[in-house]
Amino acid sequence: MEKYKRIYKELYYRIKSGDIPAGTVLPTEAQLAAQYGVSKITAKTALNLLKADGLVLRKKRLGTVVLNGIVNFSGDKLIAIVFSGFDHLDIRFTNSLTQVAKSKNVKLAFFDSKLSSEKEREILLYLISENIAGLILMPLSQGGNLDVISLFAIQKIPVVYMDFPSHALFAPTVTSDNFGGMYMMVKYLIDCGHRSIGFFPYSDHFYPTENDRFEGYCRALIDNGIPIGNDFLFSASAISTYSLMSSVSTADMNVAEEFFDSYLKLNPKPTALVCVNDLSAHAVIAAAKERGVRVPEDLSVTGFDNLTVSAKREITTVAQNFAEIAKTALLTLIRKIDGVNNEPPVIRLHTVLIKRDSVQKLALPDQAG
């Protein structure tokens with residue numbers, strides 16, 4: 001292991017476990033260099049990684065101060081929460097969680113796998129070695145790190161999932177009503193006069209949440225007497241690693257370009273496109289501008305999640321209540337820790353349709369002419 005990574009990992013886990021509490025001034029670069037027998041550049045690299053994680057503040061004269069570690073209240077139960085790269089959602093999640101933790105007198109430790117299966121594995125192995133009372137896990141996939149996740153069941157450590165579950169361990173899952181949210185969106189488009197509605201990006205390897213959204217799309221069409229058109233299911237050769245990343249990736253833009261390669265060849269074309277998430281919608285709208293396709297005049301575009309990017313681009317979308325998901329997951333886990341085991345396998349929370357300017361109202365069929 002590279003030397004700077006060894007320093008970074010040791011400090012990271014000491015901060016996350018509460019061994020180094022918030023407000024602590026870490027050793028200087030020179031002090032760390034002497035302590036670990038490395039150069040000052042190596043020590044600086046390790047400290048900058050902690051800064052990139054949002055764990056420390058680095059300022060001249062002040063030094064390197066710990067910002068984000070364990071949220072420590074008076075209780076003796078330590079609960080770990082492992083996110084999967086939701087940097088832009090942390091405030092909404094953590095504010096709700098800390099309020100509950102304070103009222104229930106439990107301690108919280110936050111971790112972020114940063115969309116890395118290797119990082120997720122490191123965190124979970126670390127937590128297995130610690131005396132935690134329970135785990136809230138937002139897994140990267142259903143099939144990843146099954147051997148490590150199964151250890152929590154073997155050691156009888158209560159677990160609750162957010163978003164979707166792992167195959168390794170049966171435990172309650174708190175998520176949004178993704179099926180209902182997408183059904184609501186497609187019904188809105190139909191009520192706006194749209195009958196040719198595409199789905200993007202379609203995949204045979206959806207995440208469970210995305211699969212629920214696709215099923216909601218299909219059911220809304222069928223319930224309204226509209227056949228599912230194969231030509232309107234736009235596949236993608238590559239998509240973002242995860243649908244709630246904080247920014248549009250190059251892969252998103254490339255896939256949006258692929259969509260328009262197919263879309264422009266169609267006759268007739270869809271009048272509306274429902275995207276599986278906000279980032280896909282953002283990418284489609286950006287690519288539309290380059291291709292001279294007007295949104296919403298030529299093509300209505302919708303998203304899902306209600307991320308900041310959807311508000312900036314005035315994208316009609318479906319909002320998830322992230323704070324309520326986090327709160328419900330924590331309360332469910334606390335009940336499990338206290339011996340209450342009658343929770344439903346899946347707890348689905350309501351979503352809300354957010355109407356913005358990316359949808360064009362068309363004349364209804366009985367109003368045309």
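Predicted model: local features only at pLDDT ≥ 70, side-chain atom pairs only at ≥ 80, totals over all residues.
I take a residue as buried under 20% relative accessible area, as exposed over 50%, and as partly exposed in between, with a 1.4 Å probe and protein chains only. I number residues from 1 along each chain as its sequence is written, and side-chain values use heavy atoms, without hydrogens and water.

Entry on cysteines. I looked up cysteine 218, which counts as buried at 12% relative accessibility. Cysteine 275 counts as buried at 0%. I searched for disulfides (pairs of cysteine sulfur atoms within 2.5 Å), and the count by this rule is zero.

Entry on helix α2. I took helices as DSSP runs of H or I of at least four residues and strands as E runs of at least two, numbered from the N terminus. In α2, residues 29–36, I found Leu32, Ala33 and Tyr36 buried. These buried residues fall within an arc of 100 degrees seen down the helix axis, so they line one face of α2; the arc is that of the directions from the axis to the C-beta atoms. Ala34 and Gln35 are exposed on the other side. The cover over the buried residues includes α1 (3–17) and α3 (40–52). Glycine 37 follows α2 and has a positive phi, near 70 degrees.

Entry on isoleucine 285. I located isoleucine 285 in helix α10, residues 278–291; at 10% relative accessibility, isoleucine 285 counts as buried. Leaving aside neighbours within four places in sequence, I found isoleucine 285 in contact (heavy atoms within 4.5 Å) with Val295, Val301, Arg313 and Ile315.
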